[in-house]
Every structure is written in structure tokens, then in C-alpha cells.
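Please keep the sequence and the model side by side while reading.

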Amino acid sequence: MSGTKAVCSYRRIAGIENDNELPEIFLGGWIARSLHDDFQVNARVECSFTRMAQDLGLDVDSELKRIMGSLRADVAIYEEGRPTAVIEIKIFDEGCRAQSVLSDLRKMRELSSRTAIETYLAVLITSTSGATCETRVRSLSSFLGHDFDYIDSPVVAGGGSADWSWRFACGAFL
């Protein structure tokens, strides 16, 4: 999976000890490049929701600006000059609450309700002192009310002990 390659590459590039230290924007850039290379689509990093709405022909009035003005998609997929999908990326580690993932999902759903754009989540899920990756994936799926379409194999964290691992979970969230 592209996300796993991104984490391992960033570990080498940055010399980090804990894999969850990588910035989400690095993941977004890597995933955008991979989508372009693999599927020949245009992919934009940190793309404004109002820009996407405008590119889809919506009138970006003051109400739309109020609702979506500062919202950005981690990755926006464009085909033939029009956005077709958004991807939100999250690092769900010890310091991240499930509510934060739900907030990203809600902002994508706001855009989708107005434009019918496809919405996807890609979440790097770490084990914690109290729960394995597998347990946290199930718990997050339950909290979001939707199962992930794909769950990567666990990866033992670089520089960490065998007790600490992470995995990616991703999928379409309508």
C-alpha cells in the first residue's frame, strides 16, 4: 500500500524513531503522487473545498464560504479538470481521539452532500499501551459506523519495540 511505503520512506528521510511522527501532509503528497503514477489522475494536496465546489460549477456564495471557507481536503482527485473524490488522512495514535477522525469525515460529507463527490478515509492506526492495532481498527470502525474496505498488515514500528505497531485502514465512506 502507498501509505505504508510513505511511512517507511519518511522514516529513512527524516531519521525519526517513531513512525507516527511523520506529518500528514507528507502522506498526502506521497499518496497524490502514487495516485497520479498508478491511475493517471491529477491529485492535489491540501485542496480547498470551496475551490472544488467552484470547479464543480457551484455558486460559491457567502453561505457556502461560511460553511466550507477554511476546509481543505488532504488529497483531491481531479479527472478532466473536475474533482471526483477527496481523501482525508489521519494518524490515529495515542494522542488522537476517534472524534477527530469523525470530524474529518463530517467535513467530507458536507462537500459530498452538495456535490456527490466520492469520499475516502486513510488512517494510520497505531497500537497503544492499552490496545492492539486490530482492536483499535474495530473500535474506530464501530465509532464511525462503517467498516474500512482495506486493512493493511501490521508493521512493527521503526526504532520501536515489537510491542508497538501500526497499520493502515482505508476505504470509501459515503
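Strands, as the word is used here, are DSSP runs of E that span at least two residues, and they are numbered from the N terminus. In that numbering, Leu 124 belongs to strand 4, which covers residues 118-126. The model is a predicted one, and every value below is computed from it.

Along the principal axes, the C-alpha atoms fill a box of roughly 50 × 35 × 25 Å. Of the 174 residues, 49% are buried, and when contacts between residues at least 6 apart in sequence are considered, 62% of them join residues at least 24 apart.

Which residues does Leu 124 contact, leaving aside its neighbours within four places in sequence? The contacts of Leu 124 are Val 7, Leu 22, Lys 90, Ile 91, Phe 92, Trp 166, Arg 167 and Phe 168. Asp 19, which is 105 residues away from Leu 124 in sequence, has its C-alpha atom 9.8 Å from that of Leu 124.

Ser 48 is placed in strand 1, residues 42-48, and its relative accessible area of 14% makes it buried. Not counting residues up to four places away in sequence, Ser 48 touches Leu 71 and Arg 72; the C-alpha atoms of Ser 48 and Leu 71 are 6.1 Å apart, although 23 residues separate the two in sequence.

The structure holds 4 aromatic pairs. In one of them, the ring centres of Phe 148 and Phe 173 are 5.3 Å apart and the ring planes meet at 65 degrees, so this pair is edge-to-face. The pair links distant parts of the chain, 25 residues apart, with Phe 148 in the loop between helix 6 (133-144) and strand 5 (150-151) and Phe 173 in the segment after strand 7 (165-172). Phe 148 and Phe 173 are both buried. Elsewhere in the aromatic set, Tyr 10, Phe 26 and Trp 30 form one cluster.

Glu 80, in the loop between strand 2 (72-79) and strand 3 (82-92), has a positive phi of about 55 degrees although it is not a glycine. Is Glu 80 buried or exposed? With a relative accessible area of 82%, Glu 80 is exposed. Ala 116, in the loop between helix 5 (98-115) and strand 4, likewise is a residue other than glycine with a positive phi, here near 65 degrees. The relative accessible area of Ala 116 is 67%, which means that this residue is exposed.

Key: Residues numbered from 1 in each chain as written. Predicted model: local features only at pLDDT ≥ 70, side-chain atom pairs only at ≥ 80, totals over all residues. Heavy atoms only, no water. Buried < 20%, exposed > 50% of the residue type's maximum accessible area, 1.4 Å probe, protein only. Contact = heavy atoms within 4.5 Å. Helix = DSSP H or I, 4+ residues; strand = E, 2+ residues; numbered from the N terminus. Phe/Tyr/Trp six-rings, centres within 6.5 Å; stacked < 30°, edge-to-face > 60°.
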